[in-house]
Amino acid sequence: MTDVNDHMAYLEGMEILDSDIDKRVMAAFAEYDQERYAAADVRRAIQNSGYGTGRASGCSPQDFAALLSPAAAPFLEEIARAAQSETRKHFGNSIYMFTPVYIANYCENHCIYCGFNCTNKIRRAKLDGEEIEEEMKAIADTGLQEVLILTGESPKMSDVKYIGEACKIARKYFKVIGLEVYPMNSSDYTYLHECGADYVTVFQETYNPDKYETLHLAGNKRIYPYRLNTQERAVIGGMRGVGFAALLGLDDFRRDAYATGMHAYFVQRKYPHAEIAFSCPRLRPIINNDKINPRDVREAQLLQIVCAYRLFMPFASITISTRECERVRNSLIQIAATKISAGVNVGIGGRSGEEKGDEQFEIDDVRTVPEVYEAIVQAGLQPVMNDYIYV
C-alpha cells in the first residue's frame with residue numbers, strides 16, 4: 001500500500017514512466033559542489049562558450065556548474081557579454097511577447113510560499129466558458145498572439161476537460177497556447193494538445209527533496225518525483241515544448257539552478273525535437289504573508305543564472321516575468337532573455353471586467369502591452385508576437 005505520508009512515493013493514478021531522468025537530476029543536485037570551482041574553471045567555461053573565438057558553443061555540464069558558482073562572480077560582466085553574443089547569434093534581435101491568463105485559483109495543495117495554497121483565506125473564483133472567452137477577446141485586442149493559461153492545482157475544480165475547453169476558446173484568438181497547470185499523465189497532455197495547447201511549463205520549485213517536503217505539506221504536489229517527471233510526460237503526450245524553472249530563493253539558488261539546467265539538458269538529449277524553455281522566477285510577497293522574499297538571490301545572482309542558462313543551452317527560450325521590476329526586465333532582454341510578459345494580471349478575471357478572485361503573488365512590472373512593446377523597440381530590439389505558421 002502507498003504510504004500517503006511519503007513525498008517520494010507515487011499515489012494511485014499517477015503515471016510512472018520507464019525513465020531514469022528523475023534519478024539523474026536528483027544525482028546532479030546532490031553532487032553539485034559550488035565551492036570546488038575556481039577562476040580557471042570559469043575562464044575555461046567562457047572560452048568553451050565560443051565567445052570571441054568564432055566557434056560554436058560547447059559548454060559542458062561542468063562548464064555550466066562553474067558559471068553558476070561563486071567563483072564566477074568577478075567574471076559576471078564578461079559572462080554577460082558572452083551570453084549576449086550567444087543570444088543574438090541564435091535569436092537575432094527578437095523578443096517574444098505573451099501574457100498569462102488565470103482562469104481559476106482553487107487549489108488543493110498546501111504550499112507555504114504560494115498565495116493560492118488551500119489554507120490561505122483569499123477570494124476563490126473560476127471563470128466559466130463565457131468569461132474565459134471575454135478574457136481572451138480582451139487580451140487579443142491588445143495585439144498579443146500568445147497566451148499562457150494558468151489555474152490553481154485542483155483537478156476537482158479545474159479538471160482536464162475544463163482546461164481543454166479553455167484551450168479550444170483560446171485557439172480561436174491566439175497562435176500559441178501554453179499551460180501552467182497541475183501535473184498530469186501523458187494521456188491528459190495528449191488530450192490537451194488536441195484541444196490546442198502547444199507547450200507546458202512546470203516549476204519544480206526546489207530540487208532539494210528534503211526541502212521540498214517541508215514546503216509542500218498537503219496535496220498531490222507533495223509528491224516530488226511525479227512533479228519532476230512532468231515535462232517528460234508532456235513531451236510523450238505530444239506537446240511541442242516544455243518549460244523548466246525553480247522558484248529561486250526557496251533553497252540554495254545555485255544548486256536549484258544547476259538542477260534546473262541539468263533537468264532540461266537530460267530531457268533535450270532524450271527528446272531532441274522538444275523545444276526547451278527556462279523561466280527564472282524569484283520569490284514574491286503573497287496575500288497574508290508579505291515576509292516571503294528571495295533568499296540571497298539579488299539582481300547580480302539573477303543575471304548570473306540567466307546567462308549561465310544561455311551559455312549552457314544556447315537555443316533555449318528564456319522568460320523574464322513581471323515578478324521583476326521594469327528596470328531589471330529591460331536589462332535582461334538586452335542580454336539573454338528572449339521572452340517577456342506584458343499587460344499582466346495575476347488575479348482571476350479583471351481584463352474584461354471586475355476581478356473575481358485574488359492573485360497568486362504580487363507583480364512588480366505593471367506596464368501595458370503597448371508600453372512593453374515600445375520599450376523593446378527603444379532598446380533596438382524587435383518585438384515578436386508569433387513566428388508559427390499553421391497549415
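1. Ala, Val, Leu, Ile, Met, Phe, Trp, Tyr, Cys and Pro count as nonpolar; Asp, Glu, Lys and Arg count as charged; the others, Gly among them, count as polar. On that basis, the lining of the second largest pocket divides into nine nonpolar, four polar and six charged residues. Please keep in mind that this is a predicted model.

2. The pocket itself. The second largest pocket has a volume of about 270 Å³. Its lining comprises 19 residues. Nearest the centre lie P155, Y182, P183, N220 and Y226.

3. Strand β1 and its burial. β1 covers residues 94-102 and is mostly covered. Nine of its nine residues are buried. In a regular strand the side chains alternate between the two faces of the sheet. In β1, S94, Y96, F98, P100 and Y102 point one way. I95, M97, T99 and V101 point the other way. Both sets are buried.

4. Neighbours of β1. Strand β3 (residues 146-150) runs parallel to β1 and is joined to it by four bridges. T99 has V147 as its bridge partner in β3. Strand β10 (residues 339-341) also pairs with β1 in the parallel sense, over three bridges. There, M97 is partnered by I340. Strand β11 (residues 382-384) pairs with β1 in the parallel sense over three bridges. Y96 has V384 as its bridge partner in β11.

5. Charges over rings. F98 points the one way from β1, along with Y96 and others. The charged end of K339 sits over the F98 ring, 5.2 Å from its centre. A second case involves Y162: K126 lies over its face, at 4.5 Å from the ring centre.

6. Aromatic pairs. The structure holds eleven of them. Why is the pair of Y32 and Y258 stacked? The ring centres are 4.5 Å apart and the planes stand at 20°, so the pair counts as stacked; the cut-off for stacking is planes under 30 degrees apart. Y32 lies in the loop between α1 (21-31) and α2 (39-48), and Y258 lies in helix α11 (residues 253-270), so the pair ties together parts that are 226 residues apart in sequence. Buried or exposed, for Y32 and Y258? Y32 is buried, and Y258 is too.

7. Y32 and Y258 belong to one aromatic cluster.

Methods
Residues numbered from 1 in each chain as written. Predicted model: local features only at pLDDT ≥ 70, side-chain atom pairs only at ≥ 80, totals over all residues. Heavy atoms only, no water. Phe/Tyr/Trp six-rings, centres within 6.5 Å; stacked < 30°, edge-to-face > 60°. Helix = DSSP H or I, 4+ residues; strand = E, 2+ residues; numbered from the N terminus. Buried < 20%, exposed > 50% of the residue type's maximum accessible area, 1.4 Å probe, protein only. Lys NZ or Arg CZ within 6 Å of the ring centre and 35° of its normal. 1 Å grid on protein atoms, 1.4 Å probe; cavity = no way out; pocket = protein on both sides within 12 Å on 5 of 7 lines; lining within 4 Å. Points joined across faces, edges and corners; volume = space filled by probe spheres on them. Pairing = 2+ DSSP bridges.
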